[in-house]
Amino acid sequence: MARGALGRPRPKVNNPGLLFRRIMGFVFRNYKIHCFVVVICIVASVLCNLQGTLFMRNLIDDHIAPLLLVKESGGVVSYDALLQNILRVALFYALGIAASLTQQKLMVNVTQGTMRDLRNELFEHMEQLPIKYFDTHAHGDIMSIYTNDIDTMRQMISQSLPQMINSGITIVSVLTSMIVLSPIMTLVTLAMVAVMLVATKYVAGNSSRFFIDQQRRLGGLNGYIEEMVGGQKVVKVFCHEEESVEHFTELNEALEASAYKANAYATALWPINGQLGNLSYVVCAIVGGALALNEIGGFTVGALAAYLTLNRSFNMPINQVAQQFNSIIMAMAGAERIFALMDEEPEADNGYVLLVNAREENGQLTESTERTGKWAWKHTHQADGSVDYKPLQGDVVFDGVDFGYTDDKMVLHDVKLHALPGQKIAFVGSTGAGKTTITNLINRFYDIQDGKIRYDGINVNKIKKGDLRRSLGMVLQDTHLFTGTIAENIRFGKPDATDEEVRAAAKLANADTFISRLPEGYDTMLTGDGANLSQGQRQLLAIARAAVADPPALILDEATSSIDTRTERIVQEGMDALMKGRTTFVIAHRLSTVKNADCIMVLEQGRIIERGTHDELIAAGGKYYSLYTGNQIAE
Amino acid sequence: MGFKRVLKEVKEYKLASVVTPLSMILEVAMEMVVPYLMASIIDDGIYAGSMPHILKVGLWMVLAALVGLLGGLMGSFFGARASAGLAKNLRKSMYENIQTFSFANIDRFSTAGLVTRLTTDVTNVQNAYQMMLRMAFRAPSSMIVALCMAFYINARIASIYLIALAFLVVMMFILLPKTSKLFSEAFPKYDALNASVQENVSAIRVVKAFVREDEQTERFKTASRNLYRIFVKAENIMVISMPLMSATVYTTILVISWIGAKLIVDSGNTALTTGELMSLLAYCMNILMSLMMLAMVFIMITMSNASAKRIAEVLNEKSDLTNPENPVTEVQDGSVSFRNVSFAYNYKEGGKPVLRNINLEIASGETIGIMGATGSSKTSLVNLISRLYDVTEGEVLVGGRNVKEYDLETLRSNVSVVLQKNELFSGTVLENLRWGKADATVEECSRACKMACADEFIDKLPGGYETRVEQGGSNFSGGQKQRLCIARALLKSPKVLILDDSTSAVDTATDARIRKAFREEIPGVTKLIIAQRISSIQDADRILVLDEGRIAGFDTHENLLKDNEIYREVYESQIGGSGDFDEVG
C-alpha cells in the first residue's frame, strides 16, 4: 500500500512559509475554534505545571525547614499551611490535567477531521481531473499521496505542532528567567545550544540522506519483487529460481546497508543531544562558579544554583524541537505533493447543451421530467435565451480532425468520417495506428487540436461533458470492475436500475448464465478488480454494465477478445441486438465484428487510408485485403 | 504468534541484538549517576564555595557523559544493525521460500499481497524490533534501579509507588485491549479506502465514461467519514492514557510530599532527610516515565504483530510439490499418458474437481490440438504434465514414468510450457531468450526465433537482440510477446512442447508458418496446442475436445466434424473468417 513514494527523493520545499500558511489555512477552515482552544489549553497546562514545579522547588525551603526550626525550638508544629499549599497545587495539577486532556481530545478531532477533509477534497478534485492527468502520472505516485503524504501530514499536525508550541512556551519562559538571573550565563547556555544545533544539523542531515537512499533502494527492490513475483509461474516453468534469488540478494544487501545507516543516525540524535546537555551543565557550573565565587557582576551562589536547574529544563525542550524538525520537513514535502494535486486544473466544461428526456407532441419535441425512453438535446441559445430541442440520434461527424497527446507530436491527421444514426463503424489497423485515440475524442477524454467533431450536428465542445458521455456507452479492452457485488457493478451503468433491468442486461450480455451458477448469484462480492472471475467473465460484466445504461451510441474497444469462440458468438448475438439502432464505433480485433460493419476504416499512422464495406475493401485489394488474407506482415 | 517465528530469522545478528540492550543499560546507568553529580556540584561545590570540587566533579560528569554517549551511540548503531539485519534476513528467507512455491502456493497469495509482505510488513517489524531492543530493557532496568533506590531510602514511602504502579498497570490493561480492538477494526477500513482510490485511479476511464464521478466521490466520502469516526473513537480512548499517567504521577508526588514532610519534621530530620525526600521525588518521575515507555513498546509490538503474522504465513508456507527421494533425471521420450486422472484446485479445502476421469495416450512426436469453451479446464489439463500441479487422483506419465518420479528441473526442462499469461522480464531480448537455456549462443537463439517467426521483427529492431525489454514487455505488442515466449520455450530443446493459447494475438498466416516450422524442424517433439481458433489446430494429428472437465472427443479433424457436435458447432461459427485483425505482427 505504501509503495508509490518509494524511490523518490524528498524534494526541497520551495516556499516553506507559504506552504505552512496553506497547511494551517486548511486546518483552520473547519477547526479555527478548536485550534484556538487547543493553544489556550497548552498555555494553561504549561502554567499549571509550572506551579507544581515551583511548589516542589520551595517545598523544603518554605515548609520543611521552617517547621523543623519550630520543632527544634520546641514550638507547636502546624501542618495547616503545608496542607493548604498541597491542596492549592493539587487544584493546579487538576486544572493542568483537565487542560491537557481537553487539548488532546480536541486534537484528535482536529487531526482526524483534517485528514478526512484532505482525503475528501483530494478525491473529489481527482475525480474532476482530465484523463490526461492519469495518463501522464504514475498511478503508484498518485496512491502514495493518499497514503504516505497524508500520513506525514497527520504526524505533523497531531504531534509535531503541539509539541513545538509546548516546547516553544517552555523555551521562552525558561529563557526569560535565565536572562533575569544572569545575561552573561545565558550567553554561555545559548552557545551550547548552538553546538547542539550544529550537531543536530550534521546528524539529521546524514540520517535524511541515508533515508532517501533507503527509500530509493526500497523502491528498486519493490519493483524487482513485483516483476519477479508477478512472473513467478514463468520463473518456475523455466527453473530460474537460483538466478532470481541471486539478483534479489544483491538488491537486498544494498538496501540493508542504507537502512542500517539511516536508522543508526536517526536514533543517535537523542543520546548526542542529551549528553551535550550534560556537558552544557558542567560548562555552566564552571563558568558560573568562577563568576559567583569571585563575585563578578553581582552573581550570587544561590542564583547559580537556581540557574543550573533552569539550564537543565532548557535543554530538554530544545532537544524535543530538534527531534520534530525532521518530521516537519518530511511533512512539508508531502504537503507540497498534496497541494500539487489539488492545484491541477480540473477538466474544463463549457458545454451548455444538455441531454433531456423528451416527449413528442404534435410533431413537436418537449421536455419531460419522466424517463420516456426518448432523448433530446436541449440547446439554449446564448444570444436570446430561446430553447431548441433536437432529437438524440447518434449522428457523428469528424471534420478534418487533427490530434496529438502533446502539441508537438500529432497522432491523428485530417480524420474525416460520418456515421449515420444506427451505423456500425469499425476501425482496423495495427497497434499504434490511432484506433483507440479516435474513440478517446468522441466522448472528449481528450480535446482535439484542429477540426470539428459534431454529434447530431452539434459541436461536441458545446455539449455538457456529463451529458455527452451519458449518451455514449463504452466497453474498454481492459475491463475494470469495482469492489462491490456483481449487481452493483452492473448498476454502475445506471444507478437507479431495478433488479429486473440488471438481470435483463446480464442476460443480453450472456452473463446471466455464469452469474446464476455462482453460489451467491448477483450478490457475489467482487474484490481486487474482479480477481475471482475469469477474464471472459469480467468482460461479460463490462458488456452488461454498458447494456444496462441503454445508451444511444456505443464505443467498443473489442471486448470479446478473450472469450472463447462459442461464448463469443452468443455474446455477439446479444451485442448485435444491443447495437441495433445505435451508432457504434468499434475497435475491431475479430473478423466477425468487421464483417458486420457498415463501414470499415483502415487506419495507418494516424490517417484513414481506406474505407468501405468488407466486400468493397476486399475487391479493392489494398491494405485491408492484405490484412485479411494475412499475406503481408506489417511491422 | 507471528513474532516468535519472525525472531528465528535474527541469525547472525544475535550479537548485535544482545549488545544493543546492554549498551542501553550503560546509558541508563549514566543517566542515574549524572543527577548525583549535579547535586554534588551544587551542594558541595557551589554552596561550599569550592572551585576545585566543581572542576573535579565536572570532570567526572564529562566522563559520565562520554560513557553515556558511548552507550547511546552503541545502542543506536547496534540496534540499527540488528533490526536492518533482521529485515534483510526476513526478506531473503521469504523470497527464497517463494521460489520453492508450487503453482498452487502461488495461487494462494496475490502478487500485491506478497509485495506488501516483503516491503511494508518487513519495515513494520524492523521498526518494532529496533524499538524493542532499545527500550524493552532500558525502560524496565531504569525502573527497577529507581525502585530499588527508593526502597533503600524509605520502604514505607516507596510502597506508595507500588500502589501507583499497580493502578496504572490495571488501567493499561483496561484501555489497551479496547484501543487495539478499535484499531484492528480501523486498519482494514483504511486499507479498503485506499483500495477504492486505487480502483478509481486505474479505472478512471470507466468512471468518466459512465459519468459516475459524483457518485464515486459520495461513496468515498461515506467511507472516509466512517474511517474518521472509528479513528476518533480509538484515539479518544488512547489519549486518556497520558493525562491518566500525569494524574497518577502528580498524586504520588503530592502524597509523598505530605507524608515525607511530616516524617521529616516529626522525626527531626532523622527518619527521613530533606535530601532523601528530593531523591524520592526524582525517582517518582523516573519510574513512571519508564512505565510509559513500556506501554509504548507494548503498543508498537501489538500493532506490528499483524505484520509479523503475515510474514510468518509466507515463511511457514510449505511447497506442496516436493522432489522425490531418488529422482529420475532423464526423460525417455515425449509420450504422455493420463490414467484415470481427476484434479481439483484446493482439493483439501473441498474444491470441486475441474477434471474428471481423464484417460489419454499420446505417442511421442504427435501433435495434439486441444479445444473447449472457457472453463472447460484445458489449461488445468496441460499444467498437470509438467507437474505445475499434482493430480488429485490417478497418474500422469511422461516418457512412460509417473511425473512424480522425476527430478522437477529435469521434468520441466523436457516439458516446455508457454503459459497463457506470457511474461517477459526487463532486460534485453537476448537475456529473455536465455531463460530457456542460460548458455545459448546467438545462433541458437536466432534459430529458435526463426521457428517462432520472431526473427522478422527482432531483425527490424534498431538494437536487434540487444533491444531493451521494458517491465512486463510493455514495449512489445501482444503478438510479438507471444512469439518471443515461444522462442524462449523452444530454446529448452524439450521433448514435449505445450502452447497454451499462445498464438491468439498472432495473425493467421504467421500462426500457420509457426506450425509448419514445428512440423519440419522438430518433428520428434510431442506438441500440445491449446487454441480458440480451429485453424490453429485442424491440421493436428488428433484433437482433444474438452467439455466441463471431461473428454468430449479425441480424434482427427475430419472425424470430429462428422460426429462431434461441440466441435462442429465451433467450426461452423468460424468458417469463412480466418482470424484476427489486430496485432498484425
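Is the crossing of α2(A) and α9(B) right-handed or left-handed? In this predicted model, the crossing of these two helices, one from chain A and the other from chain B, is right-handed.

- Val245(A) lies in helix α7 of chain A, which spans residues 241-293, and, when its neighbours within four places in sequence are left aside, Val245(A) is in contact with Tyr95(B), Glu96(B) and Gln99(B).
- Val245(A) counts as partly exposed because it has 16 C-beta neighbours inside 10 Å, and its C-alpha atom is separated by 9.9 Å from that of Met228(A), which is 17 residues apart from it along the chain.

**The helix pair α2(A) and α9(B)**

- By class, the contact between α2(A) and α9(B) has 6 nonpolar, 9 polar and 9 charged residues.

**The open sheet of chain A**

- In chain A, 4 strands form an open sheet with antiparallel pairing, and their order is β6-β5-β8-β9.
- The edge strands of this sheet are β6 (412-419) and β9 (458-459) of chain A, each of which pairs on one side only.
- Helix α9 of chain A (residues 435-442) packs on the sheet, where it touches β5 (396-403), β6 and β8 of chain A, and the direction of this helix makes about 115° with that of β5(A).
- Strand β5(A) pairs with β6(A) in the antiparallel sense over 5 bridges, and the bridge partner of Val397(A) in β6(A) is His418(A).
- Strand β5(A) also pairs with β8(A) in the antiparallel sense, again over 5 bridges, and here the bridge partner of Val396(A) in β8(A) is Tyr455(A).
- Strand β8 of chain A (residues 450-455) is joined to β9(A) by 2 bridges, with the two strands running antiparallel, and Arg454(A) has Asn459(A) as its bridge partner in β9(A).

**The open sheet of chain B**

- Chain B has an open sheet of 4 strands in the order β2-β1-β4-β5, and the pairing is antiparallel.
- Strands β2 (353-362) and β5 (401-402) of chain B stand at the edges with a single partner strand each, so one side of each is left without a neighbour in the sheet.
- Strand β4 of chain B (residues 393-398) runs antiparallel to β5(B) and is joined to it by 2 bridges, with Asn402(B) in β5(B) as the bridge partner of Leu397(B).

**Individual residues of chain B**

- Most residues other than glycine have a negative phi.
- Ser493(B), although it is not a glycine, has a positive phi of about 45°, and this residue is found in the loop between α17 (478-490) and β9 (496-500) of chain B.
- Ser493(B) counts as partly exposed because it has 16 C-beta neighbours inside 10 Å.
- Asp501(B) is likewise not a glycine and has a positive phi of about 50°, and its place is in the loop between β9 and α18 (508-521) of chain B.
- Asp501(B) has 23 C-beta neighbours inside 10 Å and therefore counts as buried, the cut-off for that class being 20 or more.
- Val145(B) is placed in helix α6 of chain B (residues 138-153), and with 19 C-beta neighbours inside 10 Å it counts as partly exposed.
- Between Val145(B) and Ser504(B) there are 359 residues of separation in sequence and 75 Å in space, taken from C-alpha to C-alpha.

Conventions:
Residues are numbered from 1 along each chain as its sequence is written. Chains are lettered from A and ligands numbered from 1 in the order in which they are written. This is a predicted model: local features need pLDDT of at least 70, side-chain atom pairs count only at pLDDT 80 or more; totals for chains, interfaces and linings use all residues. Two strands pair if DSSP finds at least two bridges between them. Two residues are in contact if their C-beta atoms, placed from the backbone, lie within 7 Å. Axes are lines fitted to C-alpha atoms, for helices over the stretch in contact, and angles run from 0 to 180 degrees between N-to-C directions. A residue is buried if 20 or more other C-beta atoms lie within 10 Å of its own, exposed if 12 or fewer, and partly exposed in between; C-beta atoms are placed from the backbone. A crossing is left-handed if the near helix is turned anticlockwise from the far one by less than a right angle, and right-handed if clockwise. Ala, Val, Leu, Ile, Met, Phe, Trp, Tyr, Cys and Pro count as nonpolar, Asp, Glu, Lys and Arg as charged, and the others, Gly among them, as polar.
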